[in-house]
Amino acid sequence: MLKHELEAADRVFHALADANRRAVIERLTRGPATVSELAAQLGVTLAATVQHLRVLQDSELVRSEKVGRVRTCQIDPVGLRNAEAWLQRQRTVWEQRLDRLGAVLDNQTKE
């Protein structure tokens, strides 16, 4: 795995480690929302919401657009694809290991 892929996965999992940021992601799966709407849902200040959004944008989970004085956010699928790719690689490794363990146990049972 390349270093930049590992760093991208690290950023995604760091972003998703926080309950407020997961709540933002869950909300945005229903459609775009303004920063004010997200702050109201979270029950935190606009400044705190902006900080959470910055982490989510850095991990490519969210993107935003400012029109006039209103910033609207939406899901960015790139970050989720990075996490999904990492998880798939881990799943493949563990499935291979469990298959080998199963074969060893089958051989012991036959003996």
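How many nonpolar, polar and charged residues does the lining of the largest pocket have? The views below concern a predicted model, in which local features need pLDDT of at least 70, side-chain atom pairs count only at pLDDT 80 or more, and totals for chains, interfaces and linings use all residues. Residues are numbered from 1 along each chain as its sequence is written, and side-chain values use heavy atoms, without hydrogens and water.

**View A. Lining of the largest pocket, with 5 nonpolar, 4 polar and 3 charged residues.** Ala, Val, Leu, Ile, Met, Phe, Trp, Tyr, Cys and Pro count as nonpolar, Asp, Glu, Lys and Arg as charged, and the others, Gly among them, as polar. A pocket is an open set of points on a 1 Å grid over the protein atoms alone where a 1.4 Å probe fits, with protein on both sides within 12 Å along at least five of seven lines; lining residues have an atom within 4 Å of a point. The space in the largest pocket is about 190 Å³. Helix 4 gives the most to this lining, with 5 residues.

**View B. The aromatic pair of F13 and W86.** Ring centres of such a pair lie within 6.5 Å, and planes over 60 degrees apart count as edge-to-face. F13 and W86 are edge-to-face, at 5.2 Å centre to centre and 65° between the planes. F13 belongs to helix 1 and W86 to helix 5, 73 residues apart.

**View C. R97 over the ring of W94.** The charged end of R97 lies 4.8 Å from the ring centre; the criterion is CZ of Arg within 6 Å of the ring centre and within 35 degrees of the ring normal.

Methods: Rings of Phe, Tyr and Trp (its six-membered ring) pair if their centres lie within 6.5 Å; planes under 30 degrees apart count as stacked, over 60 as edge-to-face and the rest as tilted. Helices (H or I, at least four residues) and strands (E, at least two) are DSSP runs, numbered from the N terminus. Grid points are joined across faces, edges and corners, and a volume is the space filled by probe spheres set on the points.
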